[in-house]
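Subject: Structure handover

Hi,

Here is the structure I promised to pass on. My notes follow below it.

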Amino acid sequence: MCGRIAITGAGIVSALGTGLDETCRSLMENICPIAPPKHLKTIHSNLPCGEVDLSDAQLYDLCHEDRGRVLSRSSLLGIVAARQAQEDASLVPGDRVAFINGTTVGGMDITERYYKQYFQGSDYDALIPLHLDGVSTDAIADSLECDVVFTDVISTACSAAANAIAMGAELIESGRFDIVIAGGTECLSKYHLNGFNSLMILSQEPCRPFDAGRKGLNLGEGAAYIVLESKAHAKERGARIRAFLSGWGNTCDAYHQTASSPDGAGALEAMLKAIQVARLQPSDIDYVNAHGTGTENNDLSEGKALMSLFGDRMPYVGSTKCFTGHATSAAAGLEAVISILCLEHGFVPANLRFRTKDPGLDFSPVAEKKENIKLNHVLSNSFGFGGNDSSLIFSRAEL
Amino acid sequence: MKRSPVYIKASSHICAQEPFSTLESFSPLPQDGAMVLCKDPDFRPFIPPMVSRRMNSIVKRSIAVSRHVLDKAGIQSPDAIISGTGIGCVGDTEVFLKQMLDNGENMLNPSRFICSTPNTIGSQIAIYLGSRGFNSTHVNDMFAFEGALLESVMLLQKGSVENVLLCAADQMTDGLYGLLDRDAFWKGIPVSEGAVGFVLSNSPGGVAVDDVMLTRSNPSWEVDRILRENSLEWKDIDAVVTSLLPGESSERFAFVPEGVQMLTYKQYCGQYFTASAFGLLYCGEVLQRRGKSGRILLASCNRGTYSFILTSSVCTN
């Protein structure tokens, strides 16, 4: 049943820029912002990242937040994106809204800066609670003008924002809320850059998803939210519908804490569930915005799952992490907004830097951008540590 | 809109009380203790020692309580595993963070990082049980459990799944206690930890969860909605079980009319992020022993947000 959940607003901040227009332009013009970190203070200058090119101070100004009030970078990025989404959907005070946030890092950037001082005195006590994912989420909810009467935070690592969007869809379908803002936020921190580095899955060059010579992923950061509404509610208040969320699927690979199963069983199951919920056939999918991190393990496992699902009728497949880096818990939010832009503007972004087909896969991703095409359904994959695999399907508004 | 209830088929806990114990043996925690840790069971019946040695305490407790509650419910592998945790595997997070701050950003051991994400709990349960169904983790501080319960209820009401393993767990460390102790919220009762598991089902039988919601708005509006949508009045509520600490003023629950019995549970489980899961277990224990039909509203409050869980039992005698 396509078109039951309307998407009436979207907001995004990532390495690609701030807002829908800048994001769309960067994707269309093949601008790759992956570069050594500039704002994150780390010794790992050899590890390129998809960093949002705004200092914390610039983010405070962009949010009109008082710099005396300490906020985690995740909250600041979240405020920028959530306010855009609210404005895009023309939500106003009095609108009763649920806010579902996907995040894992939360306020770790603050914790890692002040942790030692916390144990040396009481000067920084007020900052301690900022570590909590719920506190950084509430800071975003509090910054909105609409009445956020409900918040929830989902942390399934790299699929968190997808599961936040799915939870939002269930809240609407069950009639509990008419309007939900859902997505995710994640900032770069030394903690998670070093964590991924210790796993030896970070590439020292800009990543090359699905390429035979891929060397790992680049971390990214950002925040993105979409506004979900029942179709009836959106029509009743005359909201502009950008696209529909037509399917969502969640499974657990149950294979390994940090590796995907070789045959991509969990990934395949998540995609099948999403297609089933959308009441579509695999052949209806025009473009797969892949998880495509650029690690040896993910791309092979996801590729195998795509081959099982689509056989010799492979739709366009590409990863936009070659533009944004892997923004972990925010990734599915960024890719939801990018998928919506693709549906609205009829294009598929290039899977940058693809040169050589992986011998283990019998398809190649979209090496060059495709323009002026009609996309009806886009499937977006997000797979997290622990095998938390989720797929979302976005469909064109005019179907 | 009145929705169909979901049913608690089994519940179990590992916390400051004797592991897996029931209402009769619950005893109040000593009021002078600052931190009271879990009473761990012998893990060998649940996890082979070779495997459990590599697990942190929160994952071990979560797997043990999950296996215990699934056995009680007679289910091998649940259709969905939904977890709630306020701060996840904080012990491993602290170790990795300290290594990074003390030794610089080099030569870090990945094993602590791998275990430090909150979804380690739910995914380790899934890996251990071989459950490839729905799997999600909610981390909304003091309301992490309520988020997980609400998602469980929605999936069951929709019929997407027939049963859910719901697990709520938090651990306490010396480091975390040292930081939380600065906040008034954590004073007045022992800070503790625990893992509570439920098997929920959409087939009737057992204590029912009739409604669950949290609100950042006016709590009395939300309670009124819950009563109205479930065709109830205050006189139908036998007791309100609150998140209040012993001796704490009940001012924040002033919307409960006089004459309604008020009960608390944190004297048994202490204060921790997902303590309200123990609160639901406590409601179930009380309802099961009434010998007649009954209704209990579980109400929690933190930083201006309230949660409400309406539970009931139908006496079949």
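Predicted model: local features only at pLDDT ≥ 70, side-chain atom pairs only at ≥ 80, totals over all residues.

The domains of chain B

Domain 1 of chain B covers 6–201. Domain 2 of chain B covers 207–313. Their C-alpha centres are 22 Å apart.

Between the chains: α4(A) and α3(B)

One helix pair joins a helix of chain A with a helix of chain B. The two are α4(A), residues 108–118, and α3(B), residues 90–103. Their axes come within 11 Å and cross at roughly 60°. Because of that angle, α4(A) counts as oblique to α3(B). The crossing is right-handed. On the α4(A) side, the contact uses A:Met108, A:Thr111, A:Glu112, A:Tyr115 and A:Lys116. On the α3(B) side, B:Thr93, B:Glu94, B:Leu97, B:Lys98, B:Met100, B:Leu101 and B:Asp102 take part. By class, this contact has five nonpolar, two polar and five charged residues.

Within chain A: α9(A) and α10(A)

This pair lies inside chain A. Helix α10(A) spans residues 296–310, and α9(A) spans 265–277. The axes come within 8 Å and cross at roughly 45°. So α9(A) is oblique to α10(A). This crossing, too, is right-handed. From α9(A), the residues in contact are A:Ala267, A:Leu268, A:Met271, A:Leu272 and A:Ile275. They meet A:Ala305, A:Leu306, A:Ser308 and A:Leu309 of α10(A). Eight residues of this contact are nonpolar and one is polar. None is charged.

A residue to look at: A:Ser261

Where is A:Ser261 placed in chain A? It sits in the loop between β7, residues 243–252, and α9. Is A:Ser261 buried or exposed? A:Ser261 has a relative accessible area of 5%, so it is buried, the cut-off being under 20%. Setting aside neighbours within four places in sequence, A:Ser261 is in contact with A:Asp253, A:Tyr255, A:Gly266 and A:Ser301. Of these, A:Gly266 falls within the α9(A) range of 265–277. A:Ser301 falls within the α10(A) range of 296–310.

Best wishes

Notes:
Residues numbered from 1 in each chain as written. Chains lettered and ligands numbered in written order. Heavy atoms only, no water. Helix = DSSP H or I, 4+ residues; strand = E, 2+ residues; numbered from the N terminus. Buried < 20%, exposed > 50% of the residue type's maximum accessible area, 1.4 Å probe, protein only. Contact = heavy atoms within 4.5 Å. Axes fitted to C-alpha atoms, helices over the stretch in contact; angles between N-to-C directions. Parallel < 35°, antiparallel > 145°, perpendicular 65-115°, else oblique. Left-handed = near helix turned anticlockwise from the far one by under 90°. Nonpolar A, V, L, I, M, F, W, Y, C, P; charged D, E, K, R; others polar. Domains from an automatic or database assignment.
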